[in-house]
Structure formats: C-alpha cells, structure tokens
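Thanks for coming. I'll talk through one chain today, with the sequence and the structure on the screen.

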Amino acid sequence: MKNFFDLVAPIYERIHFGAAASYRKIYALGNFEQTDRVLDLGGGSGRIAKFFVGQVREITVADSSPGMLAVCRKHGGINCVLAFAENLPFADGYFDKIIIVDAFHHFQDHEKVAIEVERLLRKSGKLIIEEFNPAKPVGWLASVFESLLNMKSVFYTPASLSAFWSRYGFDTKLSIAQKAIYYVVLEKKPISDISERRPLNERTRD
C-alpha cells in the first residue's frame with residue numbers, strides 16, 4: 001500500500017513551495033565547496049538536491065518513498081537511493097555535509113538516525129537542518145495537521161534540537177529562527193565517544 005508521500009509525489013513540488021529559497025539559505029549557512037559529497041537525508045523528490053547539481057562533487061538523496069525517488073530521478077545528476085534514515089547503505093565518513101530539510105520530524109527513531117548521521121559524516125563534517133518551529137503558530141499548525149494524518153511526527157524547538165544533537169557528538173555552530181521555520185548548523189566533534197551518548201527517552205520536546 002502506498003504511503004502519504006508516495007501518493008503526493010507526482011504533485012509534491014507544485015504544492016511544497018520555497019525550495020529555491022531554502023536552498024539559498026542552506027547553501028550560504030553550510031559553506032559548501034565544489035569538492036563536497038553531500039547527502040540530502042529524507043530529500044524526497046530532490047526538490048532541494050536539484051539545486052546542488054554542479055555546485056558540489058556529489059549530491060545524494062536518501063528517502064524511504066519509492067514514489068518520491070521516481071520524481072527525484074527525473075531531475076538528473078542526483079544519486080537517488082531508497083533507504084530508511086535509520087539504516088543507510090553508505091560507508092563511514094563518506095559525506096562532507098548532510099542536510100535534512102523539513103524531514104527530521106518524520107523520522108521514526110531519532111536516536112538511530114543521529115547515530116547514522118554521526119557515522120556517515122567525516123571528521124568535522126557539518127549537518128544543516130531546516131525544521132518547522134512548533135512554538136510558532138505556523139509550526140504548531142503543521143504539527144497538528146500531521147497529527148491528524150497520523151504521521152507520528154515529533155517536532156523540536158531550536159533549543160531542544162540543539163540539545164538533542166549534542167548528545168550524539170555534535171556542536172551547534174549556528175541557529176537562526178524565522179517566522180515559522182528555523183535553521184541549525186551543527187558540526188561533528190573531532191572526538192566523540194559513543195558510550196557516552198544517551199538514548200532518546202522522551203518523544204515530546206518543548
């Protein structure tokens with residue numbers, strides 16, 4: 001049975017506005033280089049990744065929706081990989097930067113995702129996240145809407161998201177809040193001890 005994203009995939013880029021603006025913001029914040037290998041985790045149709053084609057060495061979208069990836073492949077120049085964020089088929093330290101755009105709240109096991117992201121990023125690699133802020137009216141409405149669709153989404157405020165990633169070997173370098181969304185730039189610590197990471201015990205963040 002097709003899930004929500006498989007069903008909306010053919011029209012997703014027409015109803016999900018602001019991809020170019022998100023790309024420009026992310027590109028500026030991430031200090032991307034021509035030699036970078038970049039992973040767009042939960043990148044779906046490639047609506048953000050398509051702008052990275054030709055700007056970095058390699059751009060990869062990993063997503064669990066076959067329908068979304070079918071659209072992704074139409075853009076060209078993107079490695080479109082069917083995979084869950086909790087179990088990714090890439091080598092340790094393969095990516096220079098990972099972006100997660102309007103997707104982290106959809107992942108079902110944030111602890112496993114964090115461990116995978118830390119594994120895949122090279123030393124001092126960067127993670128750039130764009131998310132809705134549930135403390136703002138539009139972000140709150142987004143969380144209510146996804147709850148009605150039974151998506152089991154978990155939204156974080158900027159502060160709680162930074163606190164979460166700090167437990168998995170990341171330092172927050174920058175956090176920028178806008179009206180409804182926010183951006184967090186995190187850097188993988190040179191040395192991180194997995195034995196010190198604490199599990200995600202709570203599913204509500206405020």
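Strand β2, residues 58-63, is joined to β3 by 4 bridges, and the two run parallel. One of the positions to look at is Thr60, whose bridge partner in β3 is Asn79. Before going further, note that this is a predicted model.

On its other pairing, β2 meets β1, again in the parallel sense, over 5 bridges. Here Arg37 stands opposite Glu58 in β2. Then β1 is joined to β4 by 3 bridges, and these two also run parallel. In that pairing, Asp40 has Ile99 of β4 as its bridge partner.

How much of β1 is covered? Of its 5 residues, 5 are buried. Arg37, Leu39 and Leu41 point one way from the strand, while Val38 and Asp40 point the other way. Note that the buried residues of β1 include Arg37 and Asp40.

Now the whole sheet. It is open, it has 7 strands, and the order is β3-β2-β1-β4-β5-β7-β6. The pairing overall is mixed. Which strands stand at the edges? They are β3, residues 79-82, and β6, residues 170-177. Each has a single partner strand, so one side of each is left without a neighbour in the sheet. From one strand to the next, the twist averages 20°.

Helix α7 packs on this sheet, where it touches β5, β6 and β7. The direction of α7 makes about 20° with that of β7.

For the chain as a whole, the secondary structure comes to 7 helices and 7 strands. Reading from the N terminus, the elements go α-α-α-β-β-α-β-β-α-β-α-α-β-β. The chain has 206 residues, and 51% of them are buried. Taking the contacts with a separation of 6 or more, 66% are between residues 24 or more positions apart. The accessible surface is about 10,200 Å², and carbon and sulfur atoms account for 55% of that.

Which residues touch the most other members of the largest nonpolar core? In that core of 30 residues, they are Leu41, Ile98, Leu127 and Trp165. The elements that each supply at least two residues of this core are β1 (37-41), β4 (95-101), α5 (110-120), β5 (121-132), α7 (158-166) and β7 (181-188). The largest share, 4 residues, comes from α5.

Take Ile98 as an example. Leaving aside residues up to four places away in sequence, Ile98 touches Leu39, Leu41, Val117, Leu120, Leu121, Lys126, Leu127 and Ile128. One of those, Ile128, belongs to a second, separate core of 22 residues. That second core also includes Ile26, Val61 and Val101.

A word on helix α4, residues 66-75. Gly67, Met68, Leu69, Val71 and Cys72 are buried there. As background, an α-helix has 3.6 residues a turn, so residues three or four places apart point the same way. Just after α4 comes Gly76, with a positive phi of about 80°.

Last, the aromatics. A pair of aromatic rings is described by the distance of the centres and the angle of the planes. The count for this model comes to 16 aromatic pairs. Tyr94 and Phe95 have ring centres 5.0 Å apart and planes at 85°, so this pair is edge-to-face. Are the two partners buried or exposed? Tyr94, at 28% relative accessibility, counts as partly exposed. Phe95 is buried, and its relative accessible area is 0%.

A further pair is Phe104 with Phe107. Their ring centres are 6.1 Å apart and their planes stand at 90°, so this pair is edge-to-face as well. Phe104 is buried, with a relative accessible area of 0%. Phe107 counts as buried too, at 10% relative accessibility.

How values were computed: Residues are numbered from 1 along each chain as its sequence is written. This is a predicted model: local features need pLDDT of at least 70, side-chain atom pairs count only at pLDDT 80 or more; totals for chains, interfaces and linings use all residues. Side-chain values use heavy atoms; hydrogens and water are left out. A nonpolar core is a set of buried Ala, Val, Leu, Ile, Met, Phe, Trp, Tyr and Cys residues joined through side-chain atoms within 4.5 Å. Buried means under 20% relative accessible area, exposed over 50%, partly exposed in between (1.4 Å probe, protein chains only). Contact means heavy atoms within 4.5 Å. Two strands pair if DSSP finds at least two bridges between them. Axes are lines fitted to C-alpha atoms, for helices over the stretch in contact, and angles run from 0 to 180 degrees between N-to-C directions. Accessible areas come from the Shrake-Rupley method with a 1.4 Å probe; for residues, only the protein chains shown count as cover. Rings of Phe, Tyr and Trp (its six-membered ring) pair if their centres lie within 6.5 Å; planes under 30 degrees apart count as stacked, over 60 as edge-to-face and the rest as tilted.
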